[in-house]
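Please examine the sequence and the three-dimensional structure shown below.

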Amino acid sequence: MKRIQGSSLETQPTVPTTRPWLIGLIIWLTLSPISVFAEITVSGFGTLGGAVSDQDFIYQRYIDGGGTLNPDSLIGLQLDANLSDAWRVTLQGTFAPATDDENVWKPTLTWAFLSWRPSNDLLLRAGKLRLPLLLYSANSDVGITFDFARLPTEVYSLLPTTDVTGLSFSKTWLDGDREWTLEGYLGRANTEWRYYLHEGIEPDFPAGSLFLGFEMDMVGLVASLRNGENLYRIGLHRADATADYGPLPQTFHFVSILPGMGYYQVADGMPGPGLPKVDTLEIYVATLGAEIALPRNFRLVGEYGRRRISNATMGPDTSAAYLALLKDAGRWTPYVYWAYIRSSQDALNLAEALNDNRVPDSIPGAAAINASQRAGSDLLSPFDQQSLAVGTSFNLSPTSKIKVEWNHTRTGRLSSFVDAPTGEDSGGRQINVFSLSYNLAF
C-alpha cells in the first residue's frame with residue numbers, strides 16, 4: 001500500500017500515533033479547575049463485525065472469501081462536559097481501521113467541539129464536527145443506533161469524509177406537531193481518497209491500492225422536517241478539494257497514432273498535447289432523505305445523493321440511492337433494501353474507453369501504453385452497480401444488538417469497489433457478502 005505525499009510515494013508507518021494536542025486537551029479537561037464545576041459524563045460504544053464474500057478478489061477494500069473484521073469493527077469513547085446550562089464541550093475518539101492504510105488501525109479524534117445554546121431553538125458549535133450529510137451520518141460509528149448491519153455503501157461513500165473542522169449552527173422552529181430544522185456548516189477537512197490500480201503508471205502511480213490526500217474546504221445547508229415519527233431531509237453541500245499530490249488532470253485527450261488507433265494521454269511524460277489540470281476540484285453534493293412510519297409497524301427509509309464535479313472528469317459525476325423497508329417486531333427488526341450507484345453516462349463512456357483501449361504489441365512502448373490506459377480508467381473512479389440486501393437486527397438489551405445480513409451485488413460496466421485481479425475487469429461481477437456484528441453502547 002502506498003500513499004501519495006507531494007510528488008513522492010511514502011510507505012505508511014505501521015505503528016499508530018496519538019496527536020500530542022489531543023492528549024493535552026484530555027488532560028486539561030480532566031485536571032483543570034473546570035472539571036470541578038462541570039458535569040462530566042463518559043460513554044462508549046463499539047462494534048465487532050465480520051464480513052465474508054464468495055469471491056477471491058477484494059470488495060470494498062477488505063472483503064473476500066477469507067473473511068475480515070475490518071469493515072465494521074471499531075471502539076469509541078465520548079466525553080461530555082456540561083459547563084453550564086448553555087455551554088458544553090464534547091470529545092469523541094475511535095480506534096478503527098485507518099482511512100489511509102489497508103493494514104493498520106489508528107486512533108482518530110472524530111468529535112472535538114464547544115457548543116453554545118443561547119436559546120432552546122438555536123445551537124452553535126465550533127471545533128471538529130460530524131457533517132449533517134445523510135440520515136445516519138452523525139451516528140454512523142454507533143451501530144446500536146440503527147438496524148442495518150452495514151449502511152448501504154453505494155450512498156454512504158459519496159464523500160470520503162464525514163467530519164469537518166469549523167463552525168456550525170442548528171435552528172429549530174415548532175409548528176404544532178411539526179418541527180422544522182435548518183443546519184449549516186463551514187470548515188475544512190483533511191482526508192484520503194482510495195484508488196485501486198490494476199496497472200501502474202510509474203513512478204507516481206504504482207499498481208495496487210494507493211491513497212491521494214486531499215484538503216477540502218466545505219460548506220453546506222440541510223433542512224429537515226420531523227412530523228411525528230416521519231422525517232424528511234434535503235441538503236446541498238460544496239467542497240473545494242486540493243490534492244497533496246498537486247494539480248490533477250481535468251480530462252484525458254486522445255492521441256492518434258494511425259487511423260483508428262491511438263491512446264489517451266494520462267501522464268505528462270507521454271507524447272501528446274499535455275494534460276489540462278486544475279488546482280482544485282469543485283465538488284457539489286445534493287442529498288434527499290426520508291424515514292416514514294407505515295401501518296403495522298413497518299418503516300420506509302430512502303436516501304438519494306447526487307455528486308457532481310464541475311471542473312474535471314476525475315471523480316466522475318455520480319448518482320446513488322437506496323430504498324429500505326423495515327418491520328419492528330418486538331426485539332427483532334428484519335429489513336430488506338435495494339441500492340445502486342452509477343456514474344454519469346459520459347464518465348462511464350470515458351472510463352470504459354480507457355479500460356478497453358489497446359495498441360498492438362508492434363507499436364514501440366505498447367506494454368507501457370496499454371498499462372497506462374487501464375490505470376487511467378481506474379483513476380476516474382467509475383461506478384456502476386446495484387445491491388439487494390436482506391437482514392435483521394435483534395435487541396439483546398437496551399444497549400446491545402446483534403445484526404446479520406446477506407447482500408447480493410451485481411456490477412455493471414465497471415465498479416471501483418471491486419479490486420479485480422490484474423488482467424480482469426471489475427464489471428460483470430456477482431458478489432455475495434455475509435455480515436454478522438455485535439453492537440454495544442456503555
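V390 stands opposite W406 in β22. Strand β22 covers residues 400–411, and twelve bridges join it to β21 in the antiparallel sense. Here, two strands are said to pair if DSSP finds at least two bridges between them. Strands themselves are DSSP runs of E with at least two residues, helices are runs of H or I with at least four residues, and both are numbered from the N terminus. The model is a predicted one, in which local features need pLDDT of at least 70 and side-chain atom pairs count only at pLDDT 80 or more, while totals for chains, interfaces and linings use all residues. Residues are numbered from 1 along each chain as its sequence is written, and side-chain values use heavy atoms, with hydrogens and water left out.

**A run of paired strands**

How many residues lie in the hairpin between β21 and β22? The hairpin joins these strands through two residues.

Strand β20 in turn is joined to β19 by antiparallel bridges, and S319 has R342 of β20 as its bridge partner. Strands β19 and β20 form a hairpin with four residues between them, and G330 in this turn has a positive phi of about 65 degrees. Strand β19 also runs antiparallel to β18, where V301 stands opposite A324 of β19.

The pairings described above are collected here with their bridge counts.

| Strand pair | Sense | Bridges |
|---|---|---|
| β18 and β19 | antiparallel | ten bridges |
| β19 and β20 | antiparallel | nine bridges |
| β21 and β22 | antiparallel | twelve bridges |

Is strand β19 mostly covered or mostly open? Seven of the ten residues of β19 (residues 318–327) are buried, and the strand is mostly covered. The word buried means under 20% relative accessible area, exposed means over 50%, and partly exposed lies in between, with a 1.4 Å probe and protein chains only. As a general point, in a regular strand the side chains alternate between the two faces of the sheet.

**Residues in loops**

Two arginines have a positive phi. R61 has a value of about 75 degrees although it is not a glycine, and it is found in the loop between β4 (58–59) and β5 (74–82). For R296, phi is near 60 degrees, also a positive value in a residue other than glycine. R296 is placed in the loop between β17 (281–294) and β18 (298–309). Because its relative accessible area is 70%, R296 counts as exposed.

D100 belongs to the loop between β6 (87–97) and β7. With a relative accessibility of 9%, D100 is therefore classed as buried. D100 and G428 are 328 residues apart along the chain, and their C-alpha atoms are separated by 28 Å.

**D121 and S170**

D121 is in the loop between β7 (105–119) and β8 (122–130). Its relative accessible area is 28%, so D121 is partly exposed. Which residues does D121 contact, leaving aside its neighbours within four places in sequence? They are S170, K171 and T172, where contact means heavy atoms within 4.5 Å.

S170 is part of strand β9 (residues 163–175). S170 is buried because its relative accessible area is 18%. Not counting residues up to four places away in sequence, S170 touches D121, L122, L123, T181, L182 and E183.

**The chain as a whole**

The protein chain has five helices and 24 strands. Along its principal axes, the C-alpha trace spans about 75 × 50 × 40 Å. A compact globule of 442 residues would have a radius of gyration near 22 Å, and the 23 Å of this chain agrees with that. The radius is taken over C-alpha atoms, and the globule rule is 2.2 Å times the number of residues to the power 0.38.

Buried residues make up 50% of the 442 residues. Among contacts between residues at least 6 apart in sequence, 63% join residues at least 24 apart.
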